Amino acid sequence: MTKSDRAGASGLRALTRRTALSLAALLAAAGVAGASELNVYNWGEYINPEVLKKFEEETKIKVNLSTYSSNEEMLAKIQGGATGYDVVFPSVHMQDIMAKLDLLEKTDINTYEGFKNIDPAFLRAKSDPNGEYCLPYAWGSVGIMYNRKILGKDITGWKDLIETVKAKGLKFTLLDDMREVLAVGLILNGHKINSTDPAELQQAADTIIAMKPDIAAFTYDERPMVQAGDVAAGHAFVGAMIDVFGNEKDLGYVIPEEGATMYQEDICVLKSAPNKENAIKFLQFYTRPEIVALNVSQQTNGTANVPARELTVEKIKNSKEINPPAETMARLQIFEDLGPALRQVDRVWTRVKTAQ
């Protein structure tokens with residue numbers, strides 16, 4: 001073999017090695033791309049699976065969904081050192097708490113073109129008045145889902161429900177939620193839901209304790225119980241309207257005439273998120289009206305995305321339960337961060353839960 005031949009063979013081997021290395025690099029890159037993920041931590045059944053599927057199809061980012069049942073459960077897990085979550089859906093008051101704890105990433109979602117779709121009235125977080133961190137997700141009332149067939153009538157509110165179940169020997173459920181349940185007691189006594197006055201809180205607790213003989217359970221699973229007729233009614237989020245639409249003859253949902261709470265959750269990115277870019281892509285994705293309308297069609301919540309409201313079906317768009325008129329909105333109150341006073345509320349809640 002001549003010097004020229006050896007040089008040629010050596011060059012070929014080098015080229016082969018370079019090609020192999022390049023191919024390995026491409027495969028590795030493909031592997032990384034294939035492993036691109038988004039870890040969503042949300043309330044149970046609080047997003048239409050079709051929304052996540054569409055995000056996966058468009059972005060090729062794999063979505064992993066984990067769920068929690070309360071703001072407190074979510075916060076405890078994050079503070080307890082749980083890692084890997086990218087996106088969370090705190091209520092407004094919990095967003096303020098998490099902001100104080102420096103748990104949230106600044107996303108500048110308010111600079112994204114799709115943010116123009118958001119009604120500024122829903123920038124409710126005191127810690128994020130301009131939407132630099134989180135994106136308004138969904139809102140609604142917390143009222144009463146009821147079984148008309150079991151009750152024998154439509155009801156107008158808490159007092160009407162309590163009188164009816166007592167007279168007929170029926171049962172109802174309350175949410176297993178400290179602030180929501182005590183809010184019912186506060187409202188029935190004419191107080192604000194964010195009260196920290198000890199006498200008002202004790203009065204609220206007494207009101208709920210007096211209901212306990214008629215309460216079947218404190219639960220988040222009231223909807224199937226009401227549907228089946230196992231209980232006459234249940235303290236429920238307006239998302240229960242999906243069931244009402246499915247059986248309007250027997251089921252109803254009412255925002256109590258005495259007043260009620262309203263909720264709003266926002267989509268936030270955790271400062272500890274391992275996939276921040278993917279998380280921000282998800283926030284951007286959720287500014288699109290057609291995506292929000294797809295979610296609302298299955299969730300039956302209200303939305304801060306103004307164009308999305310027009311894309312929802314007539315039944316949802318015209319529902320006074322999902323989109324209440326101004327006079328009803330005036331009766332709704334939203335929770336605020338109570339700071340250290342929350343411990344006092346927790347003690348009162350313990351008294352309610354342990355009362356015989």
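Biologist: Why is the contact between Lys 166 and Asp 214 called a salt bridge?

Modeller: A salt bridge is a side-chain nitrogen of Lys or Arg within 4 Å of a carboxyl oxygen of Asp or Glu. The closest N and O atoms of Lys 166 and Asp 214 are 2.8 Å apart, so the pair meets that definition. This is a predicted model, in which local features need pLDDT of at least 70, side-chain atom pairs count only at pLDDT 80 or more, and totals for chains, interfaces and linings use all residues. Residues are numbered from 1 along each chain as its sequence is written, and side-chain values use heavy atoms, with hydrogens and water left out.

Biologist: What makes the pair a link between distant parts of the chain?

Modeller: Lys 166 is in helix α6 (residues 158–168), while Asp 214 is in the loop between α8 (198–211) and β6 (215–218), 48 residues apart. Helices (H or I, at least four residues) and strands (E, at least two) are DSSP runs, numbered from the N terminus.

Biologist: How do you know whether Asp 214 is buried or exposed?

Modeller: Buried means under 20% relative accessible area, exposed over 50%, and partly exposed in between (1.4 Å probe, protein chains only). Asp 214 has a relative accessible area of 10%, so this residue is buried.

Biologist: What makes the contact of Lys 317 and Glu 310 a salt bridge?

Modeller: Their N to O distance is 3.8 Å, and the limit is within 4 Å, so the pair counts. Lys 317 is partly exposed because its relative accessibility is 23%, whereas Glu 310, at 56%, is exposed.

Biologist: Why are Glu 321 and Lys 320 put in their accessibility classes?

Modeller: Glu 321 has a relative accessible area of 15% and is therefore buried. Lys 320 has 55%, so this residue is exposed. The two form a salt bridge, with the closest N and O atoms 3.2 Å apart.

Biologist: How many salt bridges does a search of the whole structure find?

Modeller: The search finds 20. Lys 54, Glu 58, Arg 288 and Glu 290 are linked in a network of them.

Biologist: What is noted about the phi of Asp 102?

Modeller: Phi of Asp 102 is near 60°, a positive value in a residue other than glycine. Asp 102 is in the loop between α4 (92–100) and β4 (135–147). Asp 108, in the loop between α4 and β4, has a positive phi of about 55° and is not a glycine either.

Biologist: Why is Asp 102 called partly exposed?

Modeller: Asp 102 has 47% relative accessibility, so the residue counts as partly exposed. Asp 108, at 34%, counts as partly exposed too.
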